[in-house]
Amino acid sequence: MGLFLRERIVFLGSGMDDFVADAIINQLMLLDAQDHNRDIRLFINSPGGSLRFDSCFPTLFWHLLSMYLKNDWR
């Protein structure tokens, strides 16, 4: 995980629950605080999870973080 964070990569590879959502949000906020002008890559390979946390991510991006959110589907 340390290498991912140094490269500004956050990876969600499991179902969303309280612990996972907290870890993802903490990583995003840490990387944004370190340098809000650099991109953060968020890779998602998740079957889903708690609707409460799935709906909080857009709010996090729009209000708490200064980063730009872009979908890059391939």
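Mentor: Arg 8 is buried, yet it has no salt bridge. Here buried means under 20% relative accessible area, exposed means over 50%, and partly exposed is in between (1.4 Å probe, protein chains only). A salt bridge would need a side-chain nitrogen of Lys or Arg within 4 Å of a carboxyl oxygen of Asp or Glu. The nearest side chain of opposite charge belongs to Asp 35, 5.6 Å away; for charge, Lys and Arg count as positive and Asp and Glu as negative, while His and the chain ends are not counted. Arg 8 counts as buried because its relative accessibility is 3%.

Before going on, a word on the source: this is a predicted model, in which local features need pLDDT of at least 70 and side-chain atom pairs count only at pLDDT 80 or more, while totals for chains, interfaces and linings use all residues. Residues are numbered from 1 along each chain as its sequence is written, and side-chain values use heavy atoms, with hydrogens and water left out.

Back to Asp 35: the side chain of Arg 8 reaches the backbone oxygen of that residue at 2.9 Å. Leaving aside neighbours within four places in sequence, the contacts of Arg 8 (heavy atoms within 4.5 Å) are Leu 31, Asp 32, Gln 34, Asp 35, Arg 38, Asp 39, Ile 40 and Arg 41. Arg 8 itself sits in the loop between helix 1 and strand 1 (9-12); helices (H or I, at least four residues) and strands (E, at least two) are DSSP runs, numbered from the N terminus. The backbone deserves a look too: Arg 8 has a positive phi of about 60 degrees, although it is not a glycine. Most residues other than glycine have a negative phi.

Now compare a few other places. Met 1, in the segment before helix 1, counts as exposed because its relative accessibility is 67%. Ala 21, in helix 2 (residues 18-34), counts as buried because its relative accessibility is 0%. Gly 15 lies in the loop between strand 1 and helix 2 and, at 31% relative accessibility, counts as partly exposed. Gly 15 and Ser 46 are 31 residues apart in sequence, but their C-alpha atoms are 5.4 Å apart. Beyond four places in sequence, Gly 15 is in contact with Val 20, Ser 46, Pro 47 and Gly 48.

Stepping back to the whole chain, there are four helices and two strands, running α-β-α-β-α-α from the N terminus on. Of the 74 residues, 27% count as buried. Among contacts between residues at least 6 apart in sequence, 76% join residues at least 24 apart.

Finally, confidence: the chain averages a pLDDT (the predictor's confidence in each residue, from 0 to 100) of 78, and 66% of the residues score at least 70. Where pLDDT is low, the predicted coordinates should not be read in detail.

Terms used
A polar contact is a pair of N or O atoms within 3.5 Å; within protein, one must be able to donate a hydrogen and the other to accept it, and residues adjacent in sequence count only if both atoms are side-chain atoms.
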